[in-house]
Amino acid sequence: MTLEMLSDSLTKIVKKITFASLIDEKLIKEVVKDIQRALLTSDVNVKLVMDLSKTVEDRALKEKPKPGLSKKEHILRIVYEELVALLGEKEEFLPAAGSRIMMVGLQGSGKTTTIVKLSKFLQKRGLRPYVIAADTKRPAAYEQLVQLSEPLNLAVYGEPENKNPIEILKKGLQGAKKTDVIILDTAGRHSSEKELFEEMKEILEVFKPDERLLVIDSSIGQQAGVQAQAFHEAVGITGVILTKLDGSAKGGGALSAVARTSSPIRFIGTGEKIADLEPFDPDRFISRILGMGDLKTLMEKARELDELGKDQMENILKGEFTLVDLQNQILALRKMGPIGSIMKMIPGIGMSLPKEASQVTEEKMDKFMTIMNSMTAEEKNKPKIINSSRIRRIARGSGTKTEEIKELMTYYNTMKRALKAMMKGRFGKGPLARMMRGFR
Ligand SMILES: Nc1nc2c(ncn2[C@@H]2O[C@H](COP(=O)(O)OP(=O)(O)OP(=O)(O)O)[C@@H](O)[C@H]2O)c(=O)[nH]1
Ligand SMILES: [Mg+2]
């Protein structure tokens, strides 16, 4: 069961509660069973699942709803709180200028990719990262790093021919002048764990990193907890980054298992692209997989946007949606990162948008923009007037095919319908709609 599937089944549970005609003991027991099933198929530890379901059931049956909360909201809140508790505490991660970060982890876990993602994260916060490539075991490790980091204009130091990581590290440190954070990539392939830990210890002595971040592939499920513990005991890690949560059937297991160790989860990797890294926040994570939308992430991203993005959101909330909004939305989305991942953060949209709509490629978005740039303001504000003769004119003007314009109109109409349904339809009186209104 991938996270997406877990999210689907948990979202169904939320809906079951939201649309139940009666909240009684029978429903609560049913909900608890559903949660158990969802978590167990996500590889979450049996004992954790049993503890959680017992707590949810006890609280749901015994606790009185807080003033102002309906019975449904009360149950939803309990489910939400207990799931968040399963994933542990939130730990803010922002290294101070001058910090040193050492990245460790087994081969293929995603160290190198994550270093590039993390560099982007730091750059966005005004820090200048500098990467030293000291993985002398993986063939072409330096080249991989240079290639991946190309779009970031990142300073990378490496010596492709040198097999001695300590030498590379020392020279690399001499070269680090105008930089705020030094990140070190290390080898993950050794003939034994002992050898790996020995090299790590040698490096630690020279590098003296402030942060020792362990990168773990989440597809190993509950084993992630064991791995985190082993690395922690050997070299004292300061945090864990769980990668490949996008595709992993055992993501739930990995997350909950690491959350129980003494190593905080700092980030999660949710894809192969540079933008696919998120600071880990149990609260936010759970609201997202519950389909309640990721208001917090969205707010954070929105802060990085200009007024354009905000007006856009307001129009969506008002239930009006024109091609001008679509244009602004595309502009905003292109600034924020991969479209699919952003869509999931908007309350309700993640689950109610048809697959085609969230899977439109970035290339296509750019094409749509070109087309819309050839439209008149009237056409964009009143898309209804776009008939076939206008389509032909727009195609000529933008150097595109009429089919492409029709495709854009289909996309626009799909979006519009989905947004409308979300605002007025199924979620009209539900908690989601209320959250949306609160967002305004
Ligand atoms: N889907 C997905 N793939 C990822 C993620 N993080 C890394 N990968 C992929 O995992 C593979 C291994 O990543 P690397 O960054 O090379 O891993 P590494 O730990 O540096 O591996 P070695 O250098 O061989 O020790 C690559 O194909 C990455 O694209 C993620 O969050 N999601
Ligand atoms: Mg690597």
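The model is predicted. The chain has 22 helices and eight strands, and buried residues make up 53% of its 440 residues.

**The chain as a whole**

- The chain exposes about 20,600 Å². Carbon and sulfur atoms supply 52% of that area.
- Among contacts in the chain with a separation of 6 or more, 73% join residues 24 or more positions apart.

**Helices α3 and α4**

- Two packed helices are described by the angle between their axes and the distance between the axes.
- Helix α3 spans residues 46-62 and helix α4 spans residues 71-86. Their axes come within 10 Å and cross at roughly 155°.
- Angles over 145 degrees count as roughly antiparallel, so α3 is roughly antiparallel to α4.
- The crossing in which α3 passes α4 is right-handed.
- On the α3 side, the residues that meet α4 are Leu 48, Leu 52, Thr 55, Val 56, Arg 59 and Ala 60.
- On the α4 side, they are His 74, Ile 75, Ile 78, Val 79, Glu 81, Glu 82, Leu 83 and Leu 86.
- Sorted by class, this contact of α3 with α4 has nine nonpolar, two polar and three charged residues.

**Val 104 in strand β1**

- Val 104 lies in strand β1, which covers residues 100-104.
- The relative accessible area of Val 104 is 1%. Buried means under 20%, so Val 104 counts as buried.
- Not counting residues up to four places away in sequence, Val 104 touches Lys 111, Thr 186, Met 200, Leu 213, Leu 214, Val 215, Phe 231 and Ile 237.
- Val 104 and Asp 185 are 81 residues apart in sequence, while their C-alpha atoms are 7.2 Å apart in space.

**Thr 243 in strand β6**

- Strand β6 runs over residues 239-243 and includes Thr 243.
- Thr 243 has a relative accessibility of 5% and therefore counts as buried, the limit being under 20%.
- Leaving aside neighbours within four places in sequence, Thr 243 is in contact with Ser 109, Thr 114, Val 215, Ile 216, Asp 217, Ser 218 and Gly 269.
- Val 215 is one of the residues in contact with Thr 243, and Val 215 is also among those that Val 104 touches.

Definitions and conventions:
Residues numbered from 1 in each chain as written. Chains lettered and ligands numbered in written order. Predicted model: local features only at pLDDT ≥ 70, side-chain atom pairs only at ≥ 80, totals over all residues. Heavy atoms only, no water. Axes fitted to C-alpha atoms, helices over the stretch in contact; angles between N-to-C directions. Helix = DSSP H or I, 4+ residues; strand = E, 2+ residues; numbered from the N terminus. Parallel < 35°, antiparallel > 145°, perpendicular 65-115°, else oblique. Left-handed = near helix turned anticlockwise from the far one by under 90°. Contact = heavy atoms within 4.5 Å. Nonpolar A, V, L, I, M, F, W, Y, C, P; charged D, E, K, R; others polar. Buried < 20%, exposed > 50% of the residue type's maximum accessible area, 1.4 Å probe, protein only. Areas by Shrake-Rupley, 256 points an atom, 1.4 Å probe, with all protein chains shown as cover.
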